[in-house]
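Please keep the model in view while working through the numbered points.

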Amino acid sequence: MLRHWIKRRLKAFERRTGESTAYVEEMMRHTPAGFRRFALFLPLTAFHRALPKDAYHLARVATIRHEDCGPCLQTVVRMAFEDGVPRDWLQAVLSGHGERLPQWAQVLLPFTEAVLDNSAQLPALQLSMAGHFDEAQLAELALVIASVRVFPTVKRAMGHALSCSLVKLELDHAA
């Protein structure tokens, strides 16, 4: 019964996003206990109480752009757009033109990249972030960056990574 409900939810996600969930179904089949623990992790990926919605989404897009250039990126961009992030902000992140974004985002994006790269610039960027985000927001940002990386990593390890594809910003709310 529970397995059937999970499969229905996965199919609904596929219809909404266009992204295959075959790797999740494979995990569920081959390691049910592992899948259950993976499922417990999922709510963390959507957690943001203190971190503003736009910062949450831009950090997710920047992180997934660093980790993946295919369906995961398209899904995160679609979710951000559907949650009201302006199309031109998403385009700026995708094209690497952060100078077109508000000041807080111009600090957030290099910080996110520095975290992902374990850059020597990180300490200086952490100081810059403190001028725009409080400690609770920074803690949530850390969770966002870490949790978003999981999906493309799991997909690659399980042999489900797809080749790069052009991200579509011709999204509408009816899609």
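**Note on selected helices and residues**

1. Thr-21 lies in the loop that joins H1 and H2. The model is a predicted one, and the remarks below should be read accordingly. Is Thr-21 buried or exposed? Its relative accessibility is 3%, and because buried means under 20%, Thr-21 counts as buried. Leaving aside residues up to four places away in sequence, Thr-21 touches Leu-10, Phe-13 and Glu-14.

2. For helix H1 (residues 2–17) and helix H2 (residues 22–30), the axes come within 10 Å and cross at roughly 165°. H1 and H2 are therefore roughly antiparallel to each other, since an angle over 145 degrees counts as such. Their crossing is right-handed.

3. Which residues make the contact between H1 and H2? From H1 come Arg-3, Ile-6, Lys-7, Leu-10, Lys-11 and Glu-14, and from H2 come Ala-22, Val-24, Glu-25, Met-28 and Arg-29. Sorted by class, the contact of H1 with H2 comprises five nonpolar, no polar and six charged residues.

4. Trp-5 is a further residue of helix H1. With a relative accessibility of 41%, Trp-5 counts as partly exposed. A distance of 42 Å separates the C-alpha atoms of Trp-5 and Pro-102, which are 97 residues apart along the chain.

5. The axes of helix H5 (residues 71–82) and H6 come within 10 Å and cross at roughly 155°. That angle makes H5 roughly antiparallel to H6. H5 passes H6 in a right-handed crossing. In this contact, Leu-73, Val-77, Ala-80 and Phe-81 of H5 meet Arg-87, Leu-90 and Leu-94 of H6. By class, the contact of H5 with H6 has six nonpolar residues, no polar residue and one charged residue.

6. Helix H7 (residues 103–117) contains 15 residues. From its first C-alpha to its last, H7 reaches 22 Å, which is close to the 21 Å expected at 1.5 Å a residue. The buried residues of H7 are Ala-105, Val-107, Leu-108, Leu-109, Phe-111, Thr-112, Ala-114 and Leu-116. What covers them? The cover includes helix H4 (53–67), helix H6 (87–95), helix H8 (122–130) and helix H9 (135–157).

7. Most residues other than glycine have a negative phi. Asn-118, however, has a positive phi of about 50° although it is not a glycine. Is Asn-118 buried or exposed? Asn-118 has a relative accessible area of 64% and is therefore exposed, because the cut-off for that class is over 50%.

8. Ala-124 lies in helix H8. Its relative accessibility of 46% means that Ala-124 counts as partly exposed. The C-alpha atoms of Ala-124 and Phe-111 are separated by 9.1 Å, with the two residues 13 apart along the chain. Phe-111 is one of the buried residues of H7, and H8 is among the helices that cover the buried residues of H7.

Definitions and conventions
Residues numbered from 1 in each chain as written. Predicted model: local features only at pLDDT ≥ 70, side-chain atom pairs only at ≥ 80, totals over all residues. Heavy atoms only, no water. Helix = DSSP H or I, 4+ residues; strand = E, 2+ residues; numbered from the N terminus. Expected span 1.5 Å × (residues − 1). Buried < 20%, exposed > 50% of the residue type's maximum accessible area, 1.4 Å probe, protein only. Contact = heavy atoms within 4.5 Å. Axes fitted to C-alpha atoms, helices over the stretch in contact; angles between N-to-C directions. Parallel < 35°, antiparallel > 145°, perpendicular 65-115°, else oblique. Left-handed = near helix turned anticlockwise from the far one by under 90°. Nonpolar A, V, L, I, M, F, W, Y, C, P; charged D, E, K, R; others polar.
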